[in-house]
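Please look over the sequence and the model shown here before reading on. The paragraphs that follow go from a single side chain to a pocket, and from there to strands and charged pairs.

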Amino acid sequence: MRLGTSLAITQPRLLGGLWTPSEIATAAWFDAADTATITESGGAVSQWDDKSGNANHVTQATGSNQPVTNAININGLNVLDWGSSVNTKGLASLLGASNNWRDTFVVLRWDGGATFNDFNGVMTGTSNIGLIGNVGSANAYSTEKWWDTMAINGASVLTPFAVLPALASNSILQFTANSDISVSGLAIGSDREISNRGWKGVFAEVITSETELSTTDSQKIEGYLAWKWGLEANLPADHPYKSSPPTV
């Protein structure tokens with residue numbers, strides 16, 4: 001496996017000796033629990049900063065389309081709320097072309113009902129289809145996409161990529177491309193910034209890499225996220241971090 005080309009910088013660890021994504025090269029890392037990375041006014045979020053060191057910050061200038069901070073917690077930690085009644089919200093950055101969002105982990109929840117009401121976006125490029133819901137179904141949209149495989153809470157999701165009702169609870173979602181991709185921009189919680197295709201629910205953390213991570217590193221990220229966000233009970237019984245979080 002080739003080395004990632006993105007920059008990794010050392011971040012403060014949650015507790016002494018616990019593993020965090022700062023131990024690996026990440027292309028982008030958004031953490032709603034780190035409120036210092038959130039620019040807001042009256043709770044409305046205009047910018048969410050990238051902790052990877054690559055400055056892939058995402059923004060939203062239109063007030064009515066801004067998600068909300070300091071309103072909802074998961075495991076006592078702040079998350080960003082897209083709401084459940086409208087789907088116009090999202091955060092994005094143009095970032096130019098040729099971004100390689102190859103392996104992505106998202107802690108999120110869907111609050112929009114038993115099926116997707118539109119092509120509700122989890123993460124896309126600003127002009128490329130990433131992971132979005134398939135309107136009128138419980139499945140992820142499975143054509144014209146950049147990813148090949150998906151897992152929820154450490155367990156593989158097979159065709160037809162049924163993600164609901166699993167995502168109706170706080171979950172760790174992973175989606176991976178089997179080879180390098182070239183994506184323009186980045187949009188979180190929307191489908192390519194297309195109106196009325198925003199997410200309905202919350203985002204807690206987003207971690208993406210320019211390489212397909214090894215099984216060992218993938219499981220470390222799952223363990224880190226699970227224990228941080230109180231989701232360890234959702235991991236498979238044979239997961240190496242079912243009983244305790246990863247350490248350095």
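Is His239 buried or exposed? His239 is buried, with a relative accessible area of 8%, where buried means under 20% relative accessible area, exposed over 50% and partly exposed in between, computed with a 1.4 Å probe on protein chains only. The model is a predicted one, in which local features need pLDDT of at least 70 and side-chain atom pairs count only at pLDDT 80 or more, whereas totals for chains, interfaces and linings use all residues. Residues are numbered from 1 along each chain as its sequence is written, and side-chain values use heavy atoms, with hydrogens and water left out.

His239 sits in the segment after helix H1, helices being DSSP runs of H or I with at least four residues and strands runs of E with at least two, numbered from the N terminus. Its side chain makes a polar contact with the side chain of Glu222 at 2.7 Å; such a contact is a pair of N or O atoms within 3.5 Å, of which, within protein, one must be able to donate a hydrogen and the other to accept it, and residues adjacent in sequence count only if both atoms are side-chain atoms.

A pocket is found on a 1 Å grid over the protein atoms alone, as an open set of points where a 1.4 Å probe fits, with protein on both sides within 12 Å along at least five of seven lines, and lining residues have an atom within 4 Å of a point. The largest pocket holds about 360 Å³ of space, a volume being the space filled by probe spheres set on grid points that are joined across faces, edges and corners. The largest share, four residues, comes from H1.

Turning to the strands, E2 (residues 38-41) and E3 (residues 44-48) run antiparallel and are joined by four bridges, where two strands pair if DSSP finds at least two bridges between them. E2 and E3 form a hairpin with two residues between them, and Gly42 in the turn has a positive phi of about 65 degrees. Thr39 has Gln47 in E3 as its bridge partner, and Gln47 in turn is partnered by Thr59 in E4. E3 and E4 (residues 58-59) pair in the antiparallel sense over two bridges.

In one of them, Asp31 meets Lys51, with the closest N and O atoms 3.1 Å apart; Asp31 lies in strand E1 (residues 28-31) and Lys51 in the loop between E3 and E4, 20 residues apart. Asp31 counts as buried at 4% relative accessibility, and Lys51 counts as buried at 13%. Asp31 and Lys51 also belong to a network of salt bridges that includes Asp34, Glu205 and Lys228.

Another salt bridge joins the side chains of Arg102 and Glu212 at 3.3 Å, N to O. Arg102 lies in the loop between strand E7 (91-93) and strand E8 (103-110) and Glu212 in the loop between strand E15 (201-209) and helix H1 (215-228), so the pair ties together parts that are 110 residues apart in sequence. Arg102 is buried at 12% relative accessibility, whereas Glu212 is partly exposed at 27%.

Definitions and conventions:
Salt bridge = Lys/Arg side-chain N within 4 Å of Asp/Glu carboxyl O.
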